[in-house]
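Biologist: I would like to go through some of the labels used for this model and hear what stands behind each.

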Amino acid sequence: MKRRDLGRLVLVGATSSLLAACAVVPKGPPETPPPAPQPAPAPLPADVARHRIALLVPTMGPNAAAGQSVANAATLALMDFNAANLRITTYDTSISAEQAAKRALADGNALILGPLLGDDAPAVARIARSMRVPVISFSNDYAVAGGNVFVIGTPPAQTIDRVVRHARAQGVTQFAALMPLGSYGERASAAVIASVRQAGGTLVAMENYDRSAASVSAAAKKLKARGGYEAVLIGDTAQMAVLAAPILRAGNPKVRILGNELWSGESAVARTPALSGAWFAALTDARFAGRFADSYKARFGAAPYRIATLGYDSVLLTLRIARDWQPGSPFPAARLYDHEGFVGLDGAFRFGANNVIERALEVREAGGGRVRVISPAPPRFDN
């Protein structure tokens, strides 16, 4: 089977906006009896010609802008490829992802794309499994993967492994790590332990902190006092790295700072002198920057969030599968296991037997006020 190319883009025109009306609530008691409770929204009408797909993202609340960007990108994919055989309905997860999933299943959707947030993934996975409806989750929480649930968000373990292996190939043997507390930090800590061991290096020390400035500074000082390492992996955001790197490199500028996917697109990485020479792994921007970003901005009037590609690529992946998917039949999830993989805006990817995505990643280096690619992402999988 040939590798699927999901990267072709077509510039499309303007779109319309939907405005919501607000009711005015009277200050005093009503003069007439209150209206009867409104019935629940009726299920979507039958649609035998198209596949019904649910998109679960937050469209209200603090994550609304990110969720809307993913939804916009999904719409753009439908238009770019003239996808007349898919009907995608967006369900808001801001109040309850569980209720959004139940409504999506009641409406007869045969596939769920989302949710976006890791905290929402377990509930959606549980409900979808009970109805045997496949889920392509945007979160990077691979604990929910398995059965009919696939994880398309990039797990931190993969970016950590990519940068550790790159450092090891450049001669680094002694590693240390600075990791946040919490579920993300736990996964990242396990990943760095495994990656260093598998790459043939030694993890000399690891310190944890609670994601406050005082805590990360204290942990960096403890790690510095330990010494004996050539590189330190900071498994957190660029903001935390900016706080820790000056402490770690004070008096020892040869210490190499390593980072992960959370540094991607953060201008502080290039601006901070203590991060000069730092290496971090990330998704390739080759297809995101340029035509996709320009097309998105032309249609929606703003730049896309970097995670918008999850919406675009998941729709294109569905389209490829839908070529041989008969309307009214279950989504053929077994076809997601194509060993040669697919290519989307974020580069080559495929799903392993554990239903977790495997991505082709690049390594970047900060320095001179900019960030450059020093080890490109492979264009395809060779094994």
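Biologist: Why is R211 called partly exposed?
Modeller: R211 has a relative accessible area of 40%. Buried means under 20%, exposed means over 50%, and partly exposed is in between, with a 1.4 Å probe and protein chains only. The value falls in between, so R211 is partly exposed. R211 lies in the loop between β8 (202–209) and α6 (213–226).

Biologist: What is the basis of such values?
Modeller: This is a predicted model, in which local features need pLDDT of at least 70, side-chain atom pairs count only at pLDDT 80 or more, and totals for chains, interfaces and linings use all residues. Residues are numbered from 1 along each chain as its sequence is written, and side-chain values use heavy atoms, with hydrogens and water left out.

Biologist: What makes N82 exposed rather than buried?
Modeller: The relative accessible area of N82 is 67%, so N82 is exposed. N82 sits in the loop between α1 (64–80) and β3 (86–92). Helices (H or I, at least four residues) and strands (E, at least two) are DSSP runs, numbered from the N terminus.

Biologist: What is the phi of N82, and what is that of R211?
Modeller: Phi is near 50 degrees for N82 and about 65 degrees for R211. Both values are positive, and neither residue is a glycine. Most residues other than glycine have a negative phi.

Biologist: How do you know that S195 is buried?
Modeller: S195 has a relative accessible area of 4%, and the limit for buried is under 20%. S195 is found in helix α5 (residues 183–198).

Biologist: What makes the pair S195 and D161 a polar contact?
Modeller: Their side chains are 3.0 Å apart in this contact. The term needs a pair of N or O atoms within 3.5 Å; within protein, one must be able to donate a hydrogen and the other to accept it, and residues adjacent in sequence count only if both atoms are side-chain atoms.

Biologist: Why are α2 and α3 called roughly parallel?
Modeller: Helix α2 (residues 97–106) and helix α3 (residues 121–131) pack at about 25 degrees, with axes 8 Å apart. Angles under 35 degrees count as roughly parallel, over 145 as roughly antiparallel, 65 to 115 as roughly perpendicular and the rest as oblique. The helices α2 and α3 are therefore roughly parallel. Axes are lines fitted to C-alpha atoms, for helices over the stretch in contact, and angles run from 0 to 180 degrees between N-to-C directions.
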